[in-house]
Amino acid sequence: MKVKFLDLKTTYLELKSEINEAIKEVLNSGWYILGKNVETFEREFAEYCGVKYCIGVGCGLDALELILKAYKIGTGNEVIVPSNTYIATILAITNVGATPVFVEPDEETYNIDFSKIEEKITKRTRAIIAVHLYGQTADITKIRAICKKYNLPLIEDAAQAHGAEHFGQKAGSLGDAAGFSFYPGKNLGAFGDGGAVTTNNKAIAEYIRIARNYGSKRKYYNLIKGVNSRLDEIQAAILRIKLKYLDKWNKRRNKVAQFYIENLKTNSQHIILPKILVGNKHVWHLFVIRTRERRRLINFLNKHDIGWFIHYPVPPYNQMAYKEMDYLNNEFPLTNKLSNEILSLPMSPHLKKEELEYICGGINSLLKKSTRF
C-alpha cells in the first residue's frame with residue numbers, strides 16, 4: 001500500500017462538479033479581479049470567523065506584512081514572535097524593516113510560551129505575533145493579557161488554523177488582526193496562492209483594502225504607496241465552495257487524529273504524541289509527533305511507501321537567509337531540539353481507515369521489534 005502525505009487531487013474530486021461550475025461562471029463573467037466572488041467570500045469568511053471585516057490578499061505572507069504596515073511597524077521597531085514557526089512569519093517582520101524577537105515554544109503544544117514573552121519586551125516592541133501552529137491556537141487568553149498590559153497589538157498568524165477555536169472563539173477573531181493563508185494544502189485551501197486579513201478594526205481594514213490594490217481606492221488615484229496583492233476571482237469562487245465544507249472536513253481531521261492517538265502504541269521513550277491545550281478546539285492541519293530516532297522512523301516510512309514531512313527542519317534564525325542571526329543558535333535549545341525530533345504523519349480529511357491502520361500497524365511493528373526505538 002502507498003499512502004501519500006497529502007493528496008490534493010482527492011480534495012478536488014470530492015467537490016468536482018461544484019468547483020467546475022464555479023470556475024466556469026467566473027470565466028464566463030469576464031471579470032477576474034476584485035469582483036463579486038471576492039466580495040462575497042470576504043463577507044462569508046468574516047462571518048465564519050466572527051469578525052466585522054475580511055480583506056482578501058495574494059497570500060498569507062502578504063496578509064501579515066500588510067497588517068504590520070497598517071500598524072506603522074518598521075525600521076527600529078521590534079516584533080515578538082515564536083522561534084518555532086515557518087519562515088513566512090519572520091519574513092513579514094523583516095520585509096517591513098522591523099526586527100524579530102524570538103520566544104521559545106511551550107514543550108507540549110509547540111506554540112509560543114506565554115511565560116517567556118514579558119522578559120523580551122523592550123521600549124522598541126511594537127507588536128506580538130501569536131502563531132497558531134499545526135491547527136491549534138496559542139494560549140491566547142494569557143497572551144492577550146500581556147498585550148493589554150503593555151498596550152501592544154496582538155497579531156494572529158492563523159495560516160494553519162482555519163476553524164480552530166479557543167474557548168469557543170474562532171481563530172481570526174482572537175487578536176487585533178489576523179493573517180490567513182489559503183495555500184492549497186491548508187484546511188481551507190485554494191487551487192493556487194491566496195490569503196486574507198480578518199479584523200474588527202475599521203481603520204486597519206480600510207488601510208489593507210487600499211494597500212493591496214496599489215494604494216488605490218479609485219482606479220488611477222493612489223492614496224498611499226501600496227502593493228499588488230489581490231485574491232483573484234477564481235480562487236475566491238473555489239474558497240466559497242470549500243468554506244461550506246470546512247467544518248465537516250475539520251471533523252474528519254479530528255477523527256483521523258483520534259485514530260492515531262488511540263492506535264499508536266507509544267510512550268515518552270519512543271514517540272511523543274501531540275497535546276491539546278485546555279480550552280482549544282484543534283483542527284489538525286498537521287499531526288506532528290516527536291521521536292529521538294527520527295531518521296530510523298523516516299527510513300521505515302520510506303521503505304513502506306508512507307508519506308511524511310518535517311515542519312520545520314531548520315529554525316528561522318539558522319536559515320541561510322538570516323545568516324546574520326547565527327549568533328542566536330545557542331539561545332533556543334528547545335526550538336533546536338524540536339527541529340531534530342518533530343515528524344509529521346499523513347493528515348487529511350480524505351484518509352481511509354485502511355490507510356490509517358497500515359500506518360499505525362507499521363509504526364507499532366517497528367516499535368515492538370526495536371530495542372533502540
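This is a predicted model: local features need pLDDT of at least 70, side-chain atom pairs count only at pLDDT 80 or more; totals for chains, interfaces and linings use all residues.
Let's start with a pair of helices. Packed helices like these are described by the angle between their axes and the distance between those axes. Helix α3 covers residues 36–49 and helix α8 covers residues 233–243; their axes come within 8 Å and cross at roughly 35°. The crossing of α3 and α8 is left-handed. Who meets whom? On the α3 side you'll find K36, N37, V38, T40, F41, E44, F45 and Y48, and on the α8 side E233, A236, A237, L239, R240 and L243.

**A helix with a buried face**

Now look at helix α10, residues 294–303, where R294, L297, I298, F300 and L301 are buried. If you look down the axis of α10, those buried residues fall within an arc of 160°, so they line one face of the helix. On the other side of α10, R295 and K303 are exposed. What do the buried residues pack against? Their partners are β13 (287–290), α11 (333–341), β14 (342–345) and α12 (353–369). After α10 comes D305, with a positive phi near 55°.

Aromatic pairs come up 15 times in a search of the whole structure. Any such pair is described by the distance of the ring centres and the angle of the planes. Take Y317 and F332: their rings are tilted, with 5.0 Å centre to centre and 35° between the planes. Both Y317 and F332 lie in the loop between α10 and α11, so this pair ties together parts that are 15 residues apart in sequence. Are these two buried or exposed? Y317 is buried, with a relative accessible area of 0%, and F332 is buried too, at 3%.

The loop between α10 and α11 also holds Y312. A cis peptide bond joins H311 and Y312, with omega at about 15°.

**Backbone angles and a loop asparagine**

N151 has a positive phi, near 55°, and sits in the loop between α6 (140–150) and β5 (154–157). Y220 has a positive phi as well, near 75°, and is found in the loop between β10 (216–218) and β11.

One more loop residue is N228, placed between β11 (221–222) and α8. Leaving out residues up to four places away in sequence, N228 touches R212 and Y214. The C-alpha atoms of N228 and G97 are separated by 19 Å, and these two residues are 131 residues apart along the chain.

Here is how accessible some of these loop residues are:

| Residue | Relative accessible area | Class |
|---|---|---|
| N151 | 69% | exposed |
| Y220 | 70% | exposed |
| N228 | 45% | partly exposed |

N228 counts as partly exposed because its 45% falls between the cut-offs of under 20% for buried and over 50% for exposed.

Technical notes. Residues are numbered from 1 along each chain as its sequence is written. Side-chain values use heavy atoms; hydrogens and water are left out. Axes are lines fitted to C-alpha atoms, for helices over the stretch in contact, and angles run from 0 to 180 degrees between N-to-C directions. Helices (H or I, at least four residues) and strands (E, at least two) are DSSP runs, numbered from the N terminus. A crossing is left-handed if the near helix is turned anticlockwise from the far one by less than a right angle, and right-handed if clockwise. Contact means heavy atoms within 4.5 Å. Buried means under 20% relative accessible area, exposed over 50%, partly exposed in between (1.4 Å probe, protein chains only). The arc is that of the directions from the helix axis to the C-beta atoms. Rings of Phe, Tyr and Trp (its six-membered ring) pair if their centres lie within 6.5 Å; planes under 30 degrees apart count as stacked, over 60 as edge-to-face and the rest as tilted.
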